[in-house]
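Reader: I have a model open on my screen and would like to learn how to read it. Could you take me through it feature by feature?

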Amino acid sequence: MTYGPEVRERLERDAKEIIGRYPRPRSALLPLLHLVQSEEGHITEAGIEFCAEQLGITPAQVTGVATFYTQYKHAPVGDYHVGVCINTLCAVMGGDQIWDELSEHTGVGHDEATPDGKVSLERIECNAACDFAPVMMVNWEFFDNMTPEKAKRLVDDLRSGKQVLPSRGPKSLATWKEASRVLAGFPDGRAGEGVQAGPESLVGLEIAKQRGWEAPRADVERERPEEPVKPEDMGSPPQEPGKPVGGEAKPGSQEGRNK
Ligand code: FES
């Protein structure tokens, strides 16, 4: 299978722009894979051959990379790819329960799509949003503080075409193919929309401000940035070692044992 002339011409134009951003063509492989994924929704043989040709590498090298990263899919996913975080924190906060109920509700498992092609599910390992656990993602946008009921309603709404908004970030949800194009390096203008960091994520910053803590000096400001930082150049620790941040340790917590 290869692309038709029109698609190929368009992809070649985009690929040229992407490759031009890197000192060596092969460095553009990751965004190029997102580009071909934005065309067909997953990585096909045609996509692999296209990337190899554009970058002057072998299809085996492209396949090796495409099969390593889980963001590249090798079978069709839904218009809305729904990730449920089942990593430790989300799992204990209800992520495992959400996954079980959602999978049963939709009748599909990990990296499988519903028969209408609207939704697919994926078990995800930490979305880097643990302060909002349990967290889900739709096409990489956040849905915070989820419950099994909210998760099932979300998927039902996506399948029925109802408008769904993420908890933070853009004011509209991109489809899987649109999101893949953004990851290829073609912004859709939604990146700066909406709340970026919620209050839960800013607690540490607030504590630092109250206590007058500052980040260590950046390497660029040092006389010899290439040399390792010496202990005497480091600022004093913000507090006594072993003393819990933000007051006394909670009863029964492990903090008190960190002496
Ligand atoms: S464990 Fe779920 S976002 Fe980190």
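This is a predicted model: local features need pLDDT of at least 70, side-chain atom pairs count only at pLDDT 80 or more; totals for chains, interfaces and linings use all residues.

Reader: How many helices and strands does the protein have?

Author: Helices (H or I, at least four residues) and strands (E, at least two) are DSSP runs, numbered from the N terminus. Here the protein has 8 helices and 5 strands. Read from the N terminus, the order of elements is α-α-α-α-β-α-β-β-β-β-α-α-α.

Reader: What percentage of the residues count as buried?

Author: A residue is buried if 20 or more other C-beta atoms lie within 10 Å of its own, exposed if 12 or fewer, and partly exposed in between, with C-beta atoms placed from the backbone. By that count, 26% of the 259 residues are buried.

Reader: And what share of the contacts join residues at least 24 apart?

Author: Two residues are in contact if their C-beta atoms, placed from the backbone, lie within 7 Å. Taking contacts between residues at least 6 apart in sequence, 60% join residues at least 24 apart.

Reader: At what angle do H1 and H2 cross?

Author: Axes are lines fitted to C-alpha atoms, for helices over the stretch in contact, and angles run from 0 to 180 degrees between N-to-C directions. The axes of H1 and H2 cross at roughly 155° and come within 10 Å. Angles under 35 degrees count as roughly parallel, over 145 as roughly antiparallel, 65 to 115 as roughly perpendicular and the rest as oblique. H1 and H2 are therefore roughly antiparallel to each other. On the H1 side, the contact is made by Val-7, Leu-11, Asp-14, Ala-15 and Ile-18; on the H2 side, by Pro-31, Leu-32, Leu-35 and Glu-39.

Reader: Now the sheet, please. In what order do the strands lie?

Author: Two strands pair if DSSP finds at least two bridges between them. The 5 strands form an open sheet in the order E2-E3-E1-E4-E5, with mixed pairing. Strand E2 (112–113) and strand E5 (141–143) are at the edges with a single partner strand each, so one side of each has no neighbour in the sheet.

Reader: How does E1 pair with E3 and E4?

Author: E1 and E3 are parallel, over 6 bridges, whereas E1 (residues 80–85) and E4 (residues 136–138) are antiparallel, over 3 bridges. Val-82 makes a handy landmark: Val-138 in E4 stands opposite Val-82, and the bridge partner of Val-82 in E3 is Leu-121. Helix H5 (residues 88–106) packs on the sheet, where H5 touches E1 and strand E3 (119–124).

Reader: Is E1 mostly covered or uncovered?

Author: E1 is mostly covered, with 6 of its 6 residues buried. Tyr-80, Val-82 and Val-84 point one way, while His-81, Gly-83 and Cys-85 point the other. E3 is mostly covered too, with 5 of its 6 residues buried.

Reader: What happens between E2 and E3?

Author: E2 and E3 run antiparallel and are joined by 2 bridges. Their hairpin has 5 residues between the strands, and Gly-117 there takes a positive phi near 75°.

Reader: To finish, which residues does Leu-154 touch?

Author: Leu-154 lies in helix H6 (residues 148–160). Leaving out residues up to four places away in sequence, Leu-154 touches Phe-143 and Val-164. The C-alpha atoms of Leu-154 and Phe-143 are separated by 9.3 Å. Leu-154 counts as buried because 20 other C-beta atoms lie within 10 Å.

Notes
Residues are numbered from 1 along each chain as its sequence is written.
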